[in-house]
Amino acid sequence: MTCPVCEGKLHDVDDITLEVEGYIFIVKGQRCASCKEEFPLEEETQRTITVARKLGVWPEPMKLYRRFSKSGNGLVFRVPADLEKQLQLDEKMEIAISKNGNKLVIETT
Ligand SMILES: [Zn+2]
């Protein structure tokens, strides 16, 4: 395996630090011998997200896989409850929706 950044040699390590909302998680992964870039293992990152959610913190940036639901003629997206709490969202809040390539960005205003 070579580093996707500089094509240097990757070494297996078990001391990658992931900082999530002020909490430090130590995870397994690989580190580049040349540029020192760290690549946490996907399952370790997922595990960290699970732990972080138990602690009530939400790693950023994070990715969730959800489906839309159908309501009337439109599609509805339900915001996960912990995200709702963390961002203090409510139904009176105005949001801005923008399109960025295939990404939909929802911002609170
Ligand atoms: Zn590298």
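Colleague: Where is the place of Val79?

Modeller: Val79 sits in the loop between β5 (74-76) and α2. Such labels rest on DSSP runs numbered from the N terminus: helices are H or I runs of at least four residues, and strands are E runs of at least two. Residues are numbered from 1 along each chain as its sequence is written. This is a predicted model, in which local features need pLDDT of at least 70 and side-chain atom pairs count only at pLDDT 80 or more, while totals for chains, interfaces and linings use all residues.

Colleague: Which residues is Val79 in contact with, leaving aside neighbours within four places in sequence?

Modeller: A contact requires the C-beta atoms of two residues, placed from the backbone, to lie within 7 Å. By that rule Val79 is in contact with Glu84 and Leu89, once neighbours within four places are set aside. Val79 and Leu89 are 10 residues apart in sequence, and their C-alpha atoms are 9.2 Å apart in space. For Pro80 and Glu94, the separation is 14 residues in sequence and 18 Å from C-alpha to C-alpha.

Colleague: What pattern does the chain follow, read along the sequence?

Modeller: The pattern is β-β-β-α-β-β-α-β-β, made of two helices and seven strands. The radius of gyration is taken over C-alpha atoms, and the globule rule to set it against is 2.2 Å times the number of residues to the power 0.38. Here the radius is 18 Å, well over the 13 Å the rule gives for 109 residues, so the chain is more spread out than a compact globule. Along the principal axes, its C-alpha atoms fill a box of roughly 55 × 30 × 25 Å. Of the 109 residues, 2% count as buried.

Colleague: Which domains is the chain divided into?

Modeller: Domain bounds come from an automatic or database domain assignment. In this chain they give domain 1 (10-54) and domain 2 (69-108). The C-alpha centres of the two domains lie 29 Å apart.

Colleague: In what sense do β1 and β2 pair?

Modeller: Two strands pair if DSSP finds at least two bridges between them. β1 and β2 have nine bridges, in the antiparallel sense, and Val13 stands opposite Gly29 in β2. β2 also pairs with β3 in the antiparallel sense, over three bridges, with Gln30 opposite Phe39 in β3. As for burial, none of the 11 residues of β1 is buried, so β1 lies largely in the open.

Colleague: What do β2 and β3 form, and which residue in the turn has a positive phi?

Modeller: β2 and β3 form a hairpin with five residues between them, and Lys36 in the turn has a positive phi of about 65°. Lys36 is not a glycine, and with 11 C-beta neighbours inside 10 Å it counts as exposed. Glu7, found in the segment before β1 (10-20), is not a glycine and has a positive phi of about 65°. Glu7 counts as exposed, with 11 C-beta neighbours inside 10 Å.

Colleague: What pLDDT does the chain average?

Modeller: pLDDT is the predictor's confidence in each residue, from 0 to 100. The chain averages 84, and 93% of the residues score at least 70.

Notes:
A residue is buried if 20 or more other C-beta atoms lie within 10 Å of its own, exposed if 12 or fewer, and partly exposed in between; C-beta atoms are placed from the backbone.
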